[in-house]
Amino acid sequence: MNWLWSNLDRVGELVLVHLALSVPAIILSFVVSVPIGWLAHRYRWSRGVLLSLCALLYAIPSLALFIALPAITGLGLRSPLNLVIALTLYGVAVIVRTAADAFDAVERDVLQSATAVGYSAAGRFWGVQLPLAGPVLLSGLRVVIVSTVSLATVGAVIGVQSLGSLFTDGFQRGIQVEIATGIVLTIALALLLDWLAVLGGRLLMPWTRAGAARAGSVRPVAAAVEAS
Amino acid sequence: GCASGDPLDSGSDGGDGSSETIVIGSQDYYSNEIIAELYAQALEENGFTVDRQFRIGQREVYIPEIESGAIDVFPEYTGNLLQYYVPDTEAKTSDDVYAELEGALPDGLRVLDQSPATDQDSYNVTRTFSEENDVTSLADLKNVTTPITLGGNSELATRPYGPEGLKSVYGVEVGFTPIEDSGGPLTLKALVDDQVQMVNIYSADPNIKANDLVTLEDPEGLFLASNVVPVVSEKVTDEMADVINTVSAALTPEDLVALNSLSVNDQESADQIAKDWLAEKNLF
Amino acid sequence: MIEFRGVTKQFPDGTVAVHDVDIVIPPHKTTVLVGSSGSGKTTLLRMINRMVDPTGGQVLIDGTDVATVDPVKLRRGIGYVMQNSGLLPHRKVIDNVATVPLLRGTSRREAHARALELLDTVGLDRSLADKYPSQLSGGQQQRVGVARGLAVDPNILLMDEPFGAVDPIVRAELQQELLRLQGELGKTVVFVTHDIDEAFLLGDQVVIMQQGGRISQAASPAEILAHPADAFVADFVGADRGKRALHLTEVDGRSIVVDADGRPAGVLAS
Amino acid sequence: MIEFRGVTKQFPDGTVAVHDVDIVIPPHKTTVLVGSSGSGKTTLLRMINRMVDPTGGQVLIDGTDVATVDPVKLRRGIGYVMQNSGLLPHRKVIDNVATVPLLRGTSRREAHARALELLDTVGLDRSLADKYPSQLSGGQQQRVGVARGLAVDPNILLMDEPFGAVDPIVRAELQQELLRLQGELGKTVVFVTHDIDEAFLLGDQVVIMQQGGRISQAASPAEILAHPADAFVADFVGADRGKRALHLTEVDGRSIVVDADGRPAGVLAS
Amino acid sequence: MNLFADAIAWLVDPANWTGAGSIPQRTFEHLWISALVLVIAAVIALPLGGLVGHTGRGREPAVMVSGGLRALPTLGVLTLFALWLGIGLQAPVIALVILAIPPLLAGAYAGFESVDRRTIDAARAMGMREGQIVGKVELPLSMPIVVGGIRSATLQIIATATLAAYVSNFGLGRFIFEGLKTRDYGQMLGGSILVIVLALVVDGAFAITQRLVVPAGVRAVRTAEPRSEPTRPRAIVGQPITEGNQE
Ligand SMILES: Nc1ncnc2c1ncn2[C@@H]1O[C@H](COP(=O)(O)OP(=O)(O)OP(=O)(O)O)[C@@H](O)[C@H]1O
Ligand SMILES: Nc1ncnc2c1ncn2[C@@H]1O[C@H](COP(=O)(O)OP(=O)(O)OP(=O)(O)O)[C@@H](O)[C@H]1O
Ligand SMILES: [Mg+2]
Ligand SMILES: [Mg+2]
């Protein structure tokens, strides 16, 4: 415990650094994935290709990507930008499939009816398709938030500061409290961002709350619970 | 207040105009950070402005940054640094190493005075092992009949003082198990649990004493001496150099072990450890 | 008046959904397209607002070929109601009703005021205005759909099985409501169903379609019953079998109308 | 014979789905439970095969309280057909039909032979035996569901809106098929629907249920039409309004039966 | 791009294909630890997820656990357990099991949940016992999603098993750490390529398995989607809206 009290400054600093690494990566991967997901949804043939590429991306060991990336981007090894790019790539790998599913999940009838009442193609995308894909996109975003915050710690192995530095340092010095602090803070940070995303989702998509209220009141399937 | 760096600042933009700010770096290693902190606080005591860019990582990462001028002061170790520039160096003793190092540094970089404190690779065995096999020196290992496995960071496998060196210099054959905590608690645990019989631990590591390990002597000079030494850029003025030299001179090998112990055993922060030591030594 | 002139639609995969259709849909009346699944009703309907473009022939509205009109503009002037109401689930009821006026650039205030009136028109309580579609029952959603279709006061209202997904009791209610509304508003309604009862109830003109997108007969319900154009129509409306071949029987002093299978169809008014 | 004696069902959440129901379901006849959504029809039906256990009263089959019978055994002896056919999507048609005999330990060979016969019985081609349910049309699936319900030659067949999800034309076909089958087999059929037309067509006895799980009237269709027990029933069957209040009119020399709204209901046989 | 040439050179160097610590040995080790972890995690997560999906109870906790575990940084867990347990396989196995549980758990409960309640209802009405419902109905019908969960867990395990090398002398991660520490980036990248190839091969094997274990009828549902609709097919289903919309 002694460690924690004498290092509050450093811990606070690392939390900020960690945020600065993961938040841009989360936002970037979301922004990049939505159009890719839309492509996969819109053009069936591209779906297989895009989703396989994502699976491939996902299979790259993080450590390897952190090292190989500078060779491609030309950035310094220690540049946090590398890490942000790598995390973004992983985020994209995670979220693209969900994004495609999100657009698939929008009911055709609703789109048809939007067309029928006179939405233009662009108007329909922004006004109908995107918001209605929102709930599923949000679920994808939440997975990305959690996994990105957690994955960002691996950068510490190659010397990019983050909450992961508490693991490597605690490991060298044999301070378990330090590692535990890192773990707890990583989880807390992930859950905090996740909570913010949920909150944002509620604000931006008020109809989902209304829908949930009704879904809850729909009568339970009689037999599932009843006759067992 | 993020002293150790704005995360989006890669540190490659060295000359940001304010000539009085001096950038101090450190390895991603607690002991090195403490020394860097000593320099930093000493300089601050004397009215200089310091920008701390600590915990940068391995040598291959930060050396280019020192060379590019992004970092002005960096605590180093003479032997290890020399090997970085001259992998097949023949120098062994403190003075030889220091002398050769001065010549080996690229233009624009220099080392200040080296400190008496050393922190170099050393091979350690448990007291039990030492007594049972009657081993106190690397040369004695020849007589050990049971197989010996050496534990240390993976790079040790290819270093001149690694298994190859042991074989060529002392004629000892050892196995090798990589353990990636730079001679930290995991290495120690592996040794104590007899998963490995000999480990590479930095000589200033307080765990050697705390665990009653036996550091094997190195009569043939397998390891080069490695004293603490600051590498500095041209931005470091004579006044600054004086301050740092004063610190270096005051730092004894025992001090370094004690400082490390404060970090590992008492879990104090580098900042606190440095402050207390400077106060105790009453340097400025 | 809507006029189909030799209209054919062949989809890219080769399916001929509508084959050489000629028909006139009179204004201010309800025309019902009826036929079994896949007979091309929806396709025919959608050619009116250019959701589908014909591969042959012309569709004219008041003499203008729709092919010459910008589809988005065209659609904004034609009401459209579909089976599952097609409401936008992320918009409140009032915004759903006001969708097209808003798209057209009507001020929010005006559009909302008009939307509230429309809720009255279709018999919905104004308190529902701030709910989301998912909070409404199926029948209420359908009414909102109708209100939306009426929002720009279109001359033409296209309805594609609007009551197909609600239960029979609510459906009966909605049918009555539509009859009342149509009595008041007198729109040109084109209504698709595959329920012959519904067609007979609502249609001034009933168009019976058969597989392959051909029209078998287009006439008033009574005429179709009295003189089915061919065996397919007779069979389809059931004139010569089962439920529409009726006779009378006495039960406890009341005249019960009974079908060919002996099941009662109703009571004869004395 | 199935007998309900003072049967009540209150769900754990407090909903009273069925309230103090007394009714006798005669053997070898079709009894139809009809009523609007939520009136407790399904709950009543499920108490027969113990998918739901009553919270009050007794359900007797041929004098035995079902509560004393092992539910699994009970269910294996009672046919059950539901709305979406409830077929197992990962089993071929033939295996679906043979499910219960196989569960009972009949040999595979025998069960399959019987299943093929049953396909004939419900009017399905034997070539469908090796298809999966998803490869069948809705109507065909429903027939397979009926065949499965008949597989153990049960005395009792429970059908919960079996034709609720197929289109009206197919539905009419299936209804005729059921009438034919029942003419041949003479099972005790309990049939749930909320379509009063279907109830009148199929039921020897029609049980009209109202909200809160109470029975309003149980009688033959003609009786119900002639003498509705109360205003609710009269309204529900439409005897005093709209489509069942009929009168005659002449069109081109034929007698057309027309309802209160002036829409034709059929042609009077001369 | 020079780096990639180094990597290829390292990969084709016959010296790296024989002896202790050779590519075949490391690959085998990597597969071995991945399989071990997968089996342990599956034994924990699959029955639990199946239970949650079958009963519909405990869904909230299951969602929270799988979400929360996802947030657990593997590196932290690995180092913490390594401090307690020392070098060797125990710490990485524990860390990887924790990593693998969320996708497996989620796959299992989502799979069981995805089974149409009405199908289960019908099975019960026919007189199937609970065990038979699980074994003959829910299990086969949930297979596509359950196997999907296993597949994604496996991919993660194989990619992350490289971290095992941080605390043990095991697996393909050794090449990456050795390369990192000795600045032999060709070796590092070569090692990474091996991991990627391994992951893709295993994933491909899974794709084939998935085909085999998914009941034929369930597959047919997807291809013949419009027909499976209980109501009449809607003509436009499955067709992107292009008609009249070319503006
Ligand atoms: N976009 C399309 N591409 C290919 N074929 C289509 C398309 N849309 C409809 N069809 C086919 O055209 C025929 C007529 O379809 P349409 O939807 O007009 O029938 P419908 O009478 O409305 O049927 P339902 O009563 O089922 O709604 C059908 O065979 C259908 O499969
Ligand atoms: N398992 C259950 N738990 C709580 N309430 C239930 C349950 N099952 C049914 N109910 C309630 O009991 C009442 C009767 O339901 P039931 O399913 O018997 O109606 P129904 O007449 O079959 O309706 P529908 O025509 O919609 O099928 C309804 O109010 C329903 O919400
Ligand atoms: Mg249609
Ligand atoms: Mg029901």
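How far apart are the nearest C-alpha atoms of chain B and chain D? They sit 52 Å apart, and the two chains do not touch. Keep in mind that this is a predicted model.

**Chains and who touches whom**
- There are 8 pairs of chains in contact, and chains A and E share the most contacts of these.
- Chain B also stays clear of chain C: the two do not touch, and 39 Å separates their nearest C-alpha atoms.
- As for chain A itself, it has 11 helices and 0 strands.
- Read along the sequence, that gives chain A the pattern α-α-α-α-α-α-α-α-α-α-α.
- Taken along the principal axes, the C-alpha atoms of chain A fill a box of roughly 65 × 50 × 35 Å.

**Around ligand 2**
- Look for ligand 2 between chains A and D.
- It has 17 residues around it, and the ones that come nearest are D:S37, D:G38, D:K41, D:T42 and D:T43.
- Helix 1 of chain D (residues 41–48) gives the largest share of the shell around ligand 2, with 3 residues.
- Sorted by class, the shell around ligand 2 holds 9 polar, 4 charged and 4 nonpolar residues.

**Polar contacts of ligand 2**
- D:T42 puts a polar side-chain atom 2.6 Å from an oxygen atom of ligand 2.
- With D:G40 the backbone is involved: one of its polar backbone atoms is 3.0 Å from an oxygen atom of ligand 2.
- D:E161 has a polar side-chain atom 3.4 Å from an oxygen atom of ligand 2.
- On its own, ligand 2 has 630 Å² of accessible area, and the protein covers 86% of that.

**A helix pair in chain B**
- Two packed helices are described by the angle between their axes and the distance between the axes.
- In chain B, the axes of helix 2 (residues 59–67) and helix 3 (residues 78–85) come within 12 Å and cross at roughly 80 degrees.
- Angles of 65 to 115 degrees count as roughly perpendicular, so helix 2 of chain B and helix 3 of chain B are roughly perpendicular to each other.
- On the helix 2 side of chain B, the contact is made by B:R59, B:E60, B:I63 and B:E67.
- Helix 3 of chain B answers with B:N80, B:L81, B:Y84 and B:Y85.
- By class, the residues in this contact between helix 2 and helix 3 of chain B come out as 4 nonpolar, 3 charged and 1 polar.

Terms used:
Residues are numbered from 1 along each chain as its sequence is written. Chains are lettered from A and ligands numbered from 1 in the order in which they are written. This is a predicted model: local features need pLDDT of at least 70, side-chain atom pairs count only at pLDDT 80 or more; totals for chains, interfaces and linings use all residues. Side-chain values use heavy atoms; hydrogens and water are left out. A residue is near a molecule or strand if one of its heavy atoms lies within 4 Å of it. A polar contact is a pair of N or O atoms within 3.5 Å; within protein, one must be able to donate a hydrogen and the other to accept it, and residues adjacent in sequence count only if both atoms are side-chain atoms. Accessible areas come from the Shrake-Rupley method with a 1.4 Å probe; for residues, only the protein chains shown count as cover. Helices (H or I, at least four residues) and strands (E, at least two) are DSSP runs, numbered from the N terminus. Ala, Val, Leu, Ile, Met, Phe, Trp, Tyr, Cys and Pro count as nonpolar, Asp, Glu, Lys and Arg as charged, and the others, Gly among them, as polar. Axes are lines fitted to C-alpha atoms, for helices over the stretch in contact, and angles run from 0 to 180 degrees between N-to-C directions. Angles under 35 degrees count as roughly parallel, over 145 as roughly antiparallel, 65 to 115 as roughly perpendicular and the rest as oblique. Contact means heavy atoms within 4.5 Å.
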